[in-house]
Amino acid sequence: MLNSFYDPQKSGVQYLEDLACGYWHSQVIFTAIELELFNYIGTEQKTLTEISQHYTSNENAMERFLDTLVVLGLLVRYEAYYYNSQLASAYLIKDKALYQGDSILWRKALYANWQDLKETLICGKRLHYIPNEDEEILKQRTKKYIKAMDCIAKSKAKEITKFFEGVHLGGTLLDVGAGSGAFSLAFLEDFSTLKATLFDLSSVIAITKENLADTQPNISYHQGNILEDWQLQTEKFHIILLSNILHAYSEKEVEHILNQAAKWIDPKGFIIIHDFFLEHYSLKARLSDLNMMVNTYNGKVFEGDWVCKLLKKLGFYDEGLLPLESDTALIIASKSQELLKKVHRDQKQYLMLKLKKLGFRNLQLLSTEDVAFTEVAAVKCQFGCQHYGLGKCPPNSLPIEKTKKLLKEFKYALLLEGEPPTKGFQKKILKAEKEAYQQGFYKAFSLWAGPCSLCSQCEPKSSCPQARPSMEGCGIDVFQTVKNLTGNLETVKNKNDYVKYFGLLLLE
Ligand SMILES: C[S@@+](CC[C@H](N)C(=O)[O-])C[C@H]1O[C@@H](n2cnc3c(N)ncnc32)[C@H](O)[C@@H]1O
């Protein structure tokens, strides 16, 4: 969920080298899509010679290129034959429903302005605009843009509508900045009594209308500028959708857009905001923010919290950020708290988002069945640790068999990663446990790392509301558990090496 490649224990020169070579990956996928290589291979097998002849390319160069695509997981090579991988077959062949090639090539089109990043930092905003673009060229570019948005929207639409499973959604939907209308189409498919109005610039509406032809009787269109007063000439709407709109603008325009949405929403309706937010998929959100800086007039990626505060000022309730499994998240707001309660949210994902704010480096959801145990932990506590017998350390902790039984009471756990000092980490674990409890995980119980460091003195036999056992003190094989999940945990080799702390928050 945090989408961060950086690992303070491991990241060194290799990490820097990989960062610097990021564009190599991009260039490989851009080229493969431009060549329509995955279409050419299709469901067949092709030899290097066939592929090289088809593209009139140098055979040696083509083999090196194809073998790189194999390592990237986009092709499979078996002896002399190349095939599309499952991933490429699903998303990189043009006639597939979830084809992503158009959005991948749109990324390429955005690259030119990234070259100006250094100058953009000095100037504070995008440097170059295309002056007086020819009408036909502009139309072709808008078409490409809509296709690109459509690829992404289609791949996410069902992730969004599932929040409303079981909710009776009827009436009218206003899709603000609708683009291809993919999100509206997904809502119409799942909620048959809905009618949607697609609101966008006239240049976009013209293309979307053409694309959808007359196949959608429940769709109407409204051309206009969302930065002006919305002149909709209809009743209020039951759903207002703002998907990937806020990040195109700055605070002032976002306030205007939300004000207009508040004006046009039925008191028993939902405002649905779908976007990048800094709290979710943080690295991608940050990079998207820079992308807005180099490629738009004043777009930026916001904190979900800030948007929620604006909605609150306008009299709306919301449930905070609802992360999708992919890189974006939702805010669903309504003036009716009753209605909001009907919206499904993934309780554990929501909790993870809240806990991230406590400052954990990383959070991983796991099944309690994936927790590893070792008898060696107890032996290491008894022989080799100065804390043995003190506070809540063994033998005042839970013996391994009792811990195994305890974990059977819980289905899930969150592995929480932090760092020294021990006291600070343990306080965060307690706060995490409290947050989980307050969100309804009534059994929530935590195990932390190291000897209890909250108080300077401790009566080992007495009960203490604050003390929790450590994972290792209860027989958990912390190394193995972490390695099973992330493959990443190093033994500390030097005194000053970075140490990772882990806690486990048990959830029913
Ligand atoms: C990033 S796309 C999002 C499209 C779609 N909502 C989605 O999520 O796939 C932004 C859309 O907002 C529209 N838009 C941006 N500024 C607008 C404005 N001032 N008035 C009307 N539409 C606007 C664009 O034309 C484009 O279709």
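Mentor: Helices (H or I, at least four residues) and strands (E, at least two) are DSSP runs, numbered from the N terminus. Residue numbers start from 1 along each chain as its sequence is written, and side-chain values use heavy atoms, leaving out hydrogens and water. The model is predicted, so to speak of local features requires pLDDT of at least 70, side-chain atom pairs count only at pLDDT 80 or more, and totals for chains, interfaces and linings use all residues.

Trainee: Which residues of α11 are buried?

Mentor: Buried means under 20% relative accessible area, exposed over 50%, partly exposed in between (1.4 Å probe, protein chains only). In helix α11, residues 202-212, the buried ones are Val204, Ile205, Ile207, Thr208 and Leu212.

Trainee: Why do the buried residues of α11 line one face of the helix?

Mentor: An α-helix has 3.6 residues a turn, so residues three or four places apart point the same way. Here the buried residues of α11 fall within an arc of 165° when seen down its axis, so they line one face. The arc is taken from the directions from the helix axis to the C-beta atoms.

Trainee: What do the buried residues of α11 pack against?

Mentor: Contact means heavy atoms within 4.5 Å. The partners of these α11 residues are the helices α9 (135-161) and α10 (182-190), together with the strands β5 (194-200) and β6 (219-223).

Trainee: Which residues does the domain annotation cover?

Mentor: The unreviewed UniProt entry gives "domain: O-methyltransferase C-terminal" for residues 141-316. UniProt positions follow the numbering used here, feature names are shortened, and annotations may be inferred rather than shown by experiment. Over residues 141-316 the chain is 45% helix and 20% strand, with the end C-alpha atoms 38 Å apart.
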